[in-house]
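Subject: Structure handover and notes

Dear colleague,

I am passing on the structure we talked about, together with some notes on what was found in it. Please have it open while you read.

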Amino acid sequence: MSEARPHGDGLPNPGWGPFAALPGNPLMWVLILSELLVFAAFFALYAWQRAAAPARVDAAQRHLDPLMGGLNTLVLLTSGLAAALAVEAIAAGRRRHARRWLGAALGLGAVFCTIKGLEYADKLAAGLTPETNLFFGFYYGLTAFHFAHVLFGMALLALVTWRLSTDNVETAAAFWHLVDLIWILLYPLLYLLR
Amino acid sequence: MTTLPGARRLLIAWATLMVLTLVSMLSARLEEAAQWQALPLWSAGLVLLATAFKAHRLLMVYLNLRAAGSAWRGAFVGLLALTLALIAGGYLAARWGISPG
């Protein structure tokens with residue numbers, strides 16, 4: 001059920017050098033690569049700090065709810081599927097379907113934000129703030145940075161639902177998948193590995 | 001030509017991602033999380049393996065890097081491998097009491 005879409009000389013972005021083979025706006029891929037590197041640097045810093053004080057980090061980590069994190073992983077990955085199906089739909093010229101899938105991706109993004117908000121509220125009510133200890137400094141820092149990406153991704157999805165085109169949808173979907181990818185890595189790092 | 005993955009491949013990838021997420025959660029022995037025992041190494045290894053496979057599927061199918069050429073595939077998979085190595089290294093260093101300071 002693969003679909004093919006012709007592009008000038010056979011590449012999605014002819015004239016963009018090494019970025020020519022990537023779908024959507026090449027500048028989005030520059031952003032995606034740089035964001036991945038930034039998160040990798042934060043992960044390295046967390047790993048370093050955790051190794052320096054493992055007992056304190058383990059003691060703090062037990063206050064997180066891995067089931068909530070897991071639920072959010074399932075929600076975000078399903079939202080990613082909706083974004084990918086929107087790309088399929090717009091490439092096939094099914095604009096109404098594309099809008100519907102983008103709406104589904106946005107809705108699931110909102111569910112993710114709601115669950116995360118409830119989790120933050122629960123932690124803050126328990127007196128666990130970014131200043132509580134090293135682990136919660138990283139927990140709030142990393143998840144809030146990711147949360148900001150979710151909000152930006154939702155704004156992009158909303159924008160391309162309004163200004164619907166193949167290139168726009170591919171660009172927004174690529175960023176949305178970056179948001180997925182970072183959460184896939186954050187979830188075991190903060191919630192599961194103990 | 002850019003070949004999109006197609007709805008069937010996307011649905012299979014999504015189902016795989018759902019199953020692997022549940023495998024991660026089970027591997028992390030969430031039923032024991034209340035007692036908060038350290039994970040056995042095989043269990044932590046399974047969590048990381050499931051994470052690696054999930055990230056790979058996401059890159060290749062959702063982001064459609066399978067259609068983007070071997071250089072880009074290699075770059076992203078290399079960056080993913082480096083990130084996972086950092087996560088695994090930090091976890092093992094903490095488990096084995098190897099302090100950087």
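Leaving aside its neighbours within four places in sequence, which residues is B:Leu65 in contact with? Before the answer, please keep in mind that this is a predicted model. B:Leu65 is in contact with A:Leu22 and A:Trp29 of chain A, and with B:Leu59, B:Met60, B:Arg73 and B:Phe76 of chain B, once those neighbours are set aside.

B:Leu65 also belongs to the largest nonpolar core, which has 96 residues, and it is listed with A:Trp29, A:Phe135, A:Tyr139, A:Trp176 and A:Leu190 as the members that touch the most others. The element that gives the most to this core is helix H6 of chain A, residues 166–192, with 19 residues.

Chain A

The secondary structure of chain A comes to six helices and one strand, and from the N terminus on the order of elements is β-α-α-α-α-α-α. The C-alpha trace of chain A spans about 55 × 35 × 25 Å along its principal axes, and 54% of the 194 residues of this chain count as buried. Among the contacts in chain A with a separation of 6 or more, 73% come from residues 24 or more positions apart.

From the UniProt record, an unreviewed entry, comes the feature "domain: Heme-copper oxidase subunit III family profile", listed for residues 28–194 of chain A. In the model, residues 28–194 of chain A are 87% helix and 0% strand, with end C-alpha atoms 35 Å apart. The UniProt record (unreviewed entry) also places "transmembrane region" at residues 27–48, 69–92, 98–118, 138–162 and 174–193 of chain A. Of these spans, residues 69–92 of chain A are 96% helix and 0% strand, and their end C-alpha atoms lie 35 Å apart, while residues 98–118 of chain A are 100% helix and 0% strand, with end C-alpha atoms 30 Å apart.

Helix H5 of chain A, residues 134–162, packs with H6(A), the two axes coming within 9 Å and crossing at roughly 160°. Because of that angle, H5(A) is roughly antiparallel to H6(A), and the crossing of H5(A) and H6(A) is left-handed.

One residue of chain A that I looked at individually is A:Tyr120, which lies in helix H4 of chain A, residues 95–125. A:Tyr120 has a relative accessible area of 14%, and therefore counts as buried, the cut-off being under 20%. Not counting residues up to four places away in sequence, A:Tyr120 touches A:Tyr139, A:Tyr140, A:Thr143, A:Ala144 and A:Phe147. As for A:Thr143, which is 23 residues from A:Tyr120 along the chain, the C-alpha atoms of the two are separated by 9.8 Å.

Chain B

For chain B, the UniProt record (unreviewed entry) lists "transmembrane region" at residues 43–63 and 75–94. In the model, residues 43–63 of chain B are 95% helix and 0% strand, with end C-alpha atoms 29 Å apart, and residues 75–94 of chain B are 100% helix and 0% strand, with end C-alpha atoms that are 29 Å apart.

How are helix H2 of chain B, residues 41–62, and helix H3 of chain B, residues 70–95, packed? Their axes are 11 Å apart, at an angle of about 160°, and so H2(B) is roughly antiparallel to H3(B). The residues that make the contact include B:Thr51, B:Ala55, B:Leu59 and B:Met60 of H2(B), and B:Arg73, B:Phe76, B:Leu80 and B:Leu84 of H3(B). The crossing of H2(B) and H3(B) is right-handed.

B:Thr51, placed in helix H2 of chain B, is buried, with a relative accessible area of 2%. Its contacts reach into both chains, since B:Thr51 touches A:Ile184, A:Leu185 and A:Pro188 as well as B:Ser24 and B:Leu84, not counting residues up to four places away in sequence.In the loop between H2 and H3 of chain B lies B:Asn64, which is buried, with a relative accessible area of 6%. Phi of B:Asn64 is near 60°, a positive value in a residue other than glycine.

With best wishes

Note on methods. Residues are numbered from 1 along each chain as its sequence is written. Chains are lettered from A and ligands numbered from 1 in the order in which they are written. This is a predicted model: local features need pLDDT of at least 70, side-chain atom pairs count only at pLDDT 80 or more; totals for chains, interfaces and linings use all residues. Side-chain values use heavy atoms; hydrogens and water are left out. A nonpolar core is a set of buried Ala, Val, Leu, Ile, Met, Phe, Trp, Tyr and Cys residues joined through side-chain atoms within 4.5 Å. Buried means under 20% relative accessible area, exposed over 50%, partly exposed in between (1.4 Å probe, protein chains only). Helices (H or I, at least four residues) and strands (E, at least two) are DSSP runs, numbered from the N terminus. Contact means heavy atoms within 4.5 Å. UniProt positions are given in the numbering used here, feature names are shortened, and annotations may be inferred rather than shown by experiment. Axes are lines fitted to C-alpha atoms, for helices over the stretch in contact, and angles run from 0 to 180 degrees between N-to-C directions. Angles under 35 degrees count as roughly parallel, over 145 as roughly antiparallel, 65 to 115 as roughly perpendicular and the rest as oblique. A crossing is left-handed if the near helix is turned anticlockwise from the far one by less than a right angle, and right-handed if clockwise.
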